[in-house]
Amino acid sequence: MKVDTPKGVRQLSFEESYTLDTIQKIIEDNFKLWGYDKLYLPLIEYYHTHSKTLDKNLLKNSFRIVDRYEGETLILRPDFTTQIARFVASLKDKTFPLRVYYCGDIFRYTVPKADNIYQRRQVGVELIGVPQIEADAEVIAVAVTSLKSLGISDFQIDINNVKIHYGIKEILNLDDGTFAEFMGFIKNREIYNLKKFVSKFILPEDLKEFIVSLPKLKGGIEIISNLKDKLPTGLKEPIDELVKIYSILKEYGLSDYLVFDLGEPKEFEYYTGIVFEVFSVKNKKVIGTGGRYDNLISKYNGDYPATGFAFDLYYLMDILIGKFHNKKDYYIIDTTDDKLTAYRIASNLRSKGFSVARDIVKRDVEKSMDIAFKKGFENVIIITVENNKKRVYIFSKNGEKKVLEIKDILG
Amino acid sequence: MEKISFALPKGRLFGQTIDILRNAGILKETVSQDTRKLIIESENFRFFVVRSKDVPVYVESGIADFGVAGDDVLDEGNYDVYRPVDLGIGYCRIVVAGKPESRELYENLSNSVKVATKYPKIAGNFFSKKGIKPIVYELYGSVELAPLVGLAPFIVDIVETGTTLKENGLVVIDTIKESTAKLIVNRVSYKTKSQDIFLLINTVESFLGGL
């Protein structure tokens, strides 16, 4: 018997599926509370539409298929943000701000091992058309309130402004190759290599110190509030933006979760400003990422600033597994020959909003009851005939037993 | 306080790392690997004794906060870990070696090259960047045999003293990279246990800087 699946996919259990569904619903409900509209997007897109806009790594690792009719290369969605940028560019009527949310699977090639798998699931928002920091603050607030509504409090949001890294590129006049090398040092936090790197430039001591200390510039507002005086003009603005977003989120009462981390590079090339990552502290996982991408939509058509974020639903599911229980209400076992009574009782209960399943397998009543409770049903209804009269017994999970006449339960 | 966990490679690097931690004043007790224990507890630390190639696996997954791994191990895998400090220990060179008479062949490589190695990724990248297509034979040990029996004219391997090469009549033909051991850190530990992590990094840095 062949029952195996590819290494790069995950087959969820019933419990995992229920947990994932519940999480998705809670998060989407929160997105709605913030006035976001859901958008369904196709799973398949043209390669050529996104080949100039998608992050290089995402493009390289996209799943590709050839369209039999057109001969075009198609990709399975590797990322929602670029898809939404494509959608917004295609809109005739653009009224901003646009608040969009989405939920679905993304596909990325990877060497399949541990958490690196081909197919993952995301739920996220995009806020399009607002250049102000208020928009960045809003998406972070949406992320925080979503986690709170899931009952997760053990998280941290690391925030940075990638304009700092671009500012350094400009001040040091780095070509793209050297900048990539520099960003490699930043990404791996190779302090020893940054020291070697800055020693090649003639720079004010304060600036050298700032660049070498980037991997360690991490913490509360105090680590950035003193920085401004020491830095050249090009680096003052991005720091100002960080201070501003902090003060907005402080007013919202959400600043406790924020940690500045100036050494964190952006995850995708299209990010242009404030970026952030959401960590689960105990599970040591990145459960969400987001940021501002002001130049992405213009690569399709038009010029609109935008920001957004996405949660990784598999990581959230792993964290919350066991927290939500799939409670089903009634399981009906009809021992009589005429099955109409069971059908009527089931319909009646369903019309009142209860979930009801019927035992349609022939086996011992006791065995059926056992299975029902194991499958998460709260109550078992048994229909029998006693003295030529149909009777209904209701057993609950905690051992309570009730005897009813048919008319009572249908009434 | 939550203990800091450290994945350390068996062998010489284990002792050298413990020496650095002790001389820097981070560790008071002496910790030795002369037992078969895989987990050693000492003060605020928990050491995992693992194979050198496994160190980044424990650190990337967050089971260990810190680890010690050479460039040979880090470049061969694709690990998402931070590497803030060059510990300067475990020095070796990642080289291309072969029989002395293969030098001429190496200098005139034009199209493809056969290489035997324990480091398929490093070897592959090195030759690909030169525009030469590498045909890589991945081996798990005694790589020096390959040129002697004609599996491949060249090997890519790490060399400390060069004794093994010499004993087998092989020479270093090209150096790919010099390698030293780096202190590596789990990304999320770095971000969420910053105080403890930075204290250790700073202490090690200033100790090494003062040498």
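This is a predicted model: local features need pLDDT of at least 70, side-chain atom pairs count only at pLDDT 80 or more; totals for chains, interfaces and linings use all residues.
Local features need pLDDT of at least 70 and side-chain atom pairs pLDDT 80 or more, while totals for chains, interfaces and linings use all residues; side-chain values use heavy atoms, without hydrogens or water. Residues are numbered from 1 along each chain as its sequence is written, with chains lettered from A and ligands numbered from 1 in the order in which they are written.

**View 1. Salt bridge between Asp261(A) and Arg189(A).** The N to O distance is 2.9 Å (a salt bridge is a side-chain nitrogen of Lys or Arg within 4 Å of a carboxyl oxygen of Asp or Glu). Asp261(A) lies in strand β9 and Arg189(A) in the loop between α7 and α8, so the pair ties together parts of chain A that are 72 residues apart in sequence. Helices (H or I, at least four residues) and strands (E, at least two) are DSSP runs, numbered from the N terminus. Both residues are buried (under 20% relative accessible area; exposed is over 50%, partly exposed in between; 1.4 Å probe, protein chains only).

**View 2. Salt bridge between Asp71(B) and Lys182(B).** The N to O distance is 2.8 Å. Helix α3 holds Asp71(B) and strand β11 holds Lys182(B), so parts of chain B 111 residues apart in sequence are tied together. Asp71(B) is buried at 8% relative accessibility, and Lys182(B) is buried at 3%.

**View 3. Salt bridge between Asp75(B) and Lys177(B).** The closest N and O atoms are 2.8 Å apart. Asp75(B) is in helix α3 and Lys177(B) in strand β10 of chain B, 102 residues apart in sequence. Asp75(B) is partly exposed at 26%, as is Lys177(B) at 32%.
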